[in-house]
Amino acid sequence: VKRKTNRQLHSDRDPIPDVPAVYFCMPTEENLGRIGQDLNNNVYDIYHLNFISPISRQRLEDLAASALQANCVSHIHKVFDQYLNFISLEDDMFILRHQNSDSISYYAINRGEIKDTEMEQIMDSLVDSLFSVFATLGTVPVIRSPRGNAAEMVAEKLDKKLRENLRDTRNNLFTDSTQSTHFSFQRVMLIILDRNMDMATTLHHTWTYQALAHDVLDLSLNRVVVEEAS
């Protein structure tokens, strides 16, 4: 019987040479550095590396170089891109980031001194997380957004990322599991809105004839008086 233990990636750990290990983390430079340190110290026997978001080609090459330097390439059995860069709080509700959420906040996008490079990084982070959501759902959304704001930037970048993946026949994430050569076109609609628009009023306002009459007619004590034109 093998014992399973959950450990923090950057915690101090003693070598356990006969035990396989499953890593689940973001492919950041700091995390990859710690994985390289574990490889060099022969902390575990077998390594299964699961990255929350896709690892870039450059960082994958850096990881391979660390494995070569530690002479333990054969100990790395699998490297997975899991596309799980979001958190589901409920069945129909998710958030894109928990840690360092201020970096993609409304203020971060709309502050006056923001640089173009910083805006691009925020947009890329949002797009990567949204792409992970639909890769998990296995469906390609129909995207709608207003023009001329951050929502349009996110929509265009996400559309481009989805199209690039659909054109990649080897690594396409939206292929129907039962028919590998056909795409799954059960489409959902993704509406991306800028928070400069006040959507709370329209979402909380009841869509009934009573509410409509209250808005456009003289409704008093549940009675409406409509005068005939003379």
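Confidence in the protein is lowest in helix α6 (residues 200-204), at a mean of 66, and highest in strand β2 (residues 46-51), at 94. The model is predicted, with a mean pLDDT of 83 for the protein and 85% of its residues at 70 or more.

- Over residues 177-182, pLDDT stays under 50.
- For residues 177-182 the model has 4 contacts beyond four places in sequence.

- In soluble globular proteins, nonpolar side chains tend to be buried together.
- The largest nonpolar core comprises 28 residues, and Ile122, Met123, Leu126, Leu158 and Ile192 have the most contacts inside it.
- Two or more residues of this core come from each of α3 (106-110), α4 (116-137) and α5 (150-167), and α4 gives the most, with 10 residues.
- Beyond its neighbours within four places in sequence, Leu126 is in contact with Leu96, Ile104, Ile109 and Val154.
- Another core lies apart from this one and has 18 residues, including Ile35, Leu49, Phe51 and Ile76.

**Helix α5**
- α5 has 18 residues and spans 26 Å from its first C-alpha to its last, close to the 26 Å expected at 1.5 Å a residue.
- At the start of α5, a side-chain oxygen of Asn149 comes to within 3.1 Å of the backbone nitrogen of Ala151.
- The buried residues of α5 are Ala150, Ala151, Glu152, Val154, Ala155, Leu158, Leu162 and Asn165.
- These buried residues pack against α3, α4, β6 (142-144) and β7 (189-191).

Technical notes:
Residues are numbered from 1 along each chain as its sequence is written. This is a predicted model: local features need pLDDT of at least 70, side-chain atom pairs count only at pLDDT 80 or more; totals for chains, interfaces and linings use all residues. Side-chain values use heavy atoms; hydrogens and water are left out. A nonpolar core is a set of buried Ala, Val, Leu, Ile, Met, Phe, Trp, Tyr and Cys residues joined through side-chain atoms within 4.5 Å. Buried means under 20% relative accessible area, exposed over 50%, partly exposed in between (1.4 Å probe, protein chains only). Helices (H or I, at least four residues) and strands (E, at least two) are DSSP runs, numbered from the N terminus. Contact means heavy atoms within 4.5 Å. The expected span of a helix is 1.5 Å times one less than its number of residues. A polar contact is a pair of N or O atoms within 3.5 Å; within protein, one must be able to donate a hydrogen and the other to accept it, and residues adjacent in sequence count only if both atoms are side-chain atoms. pLDDT is the predictor's confidence in each residue, from 0 to 100.
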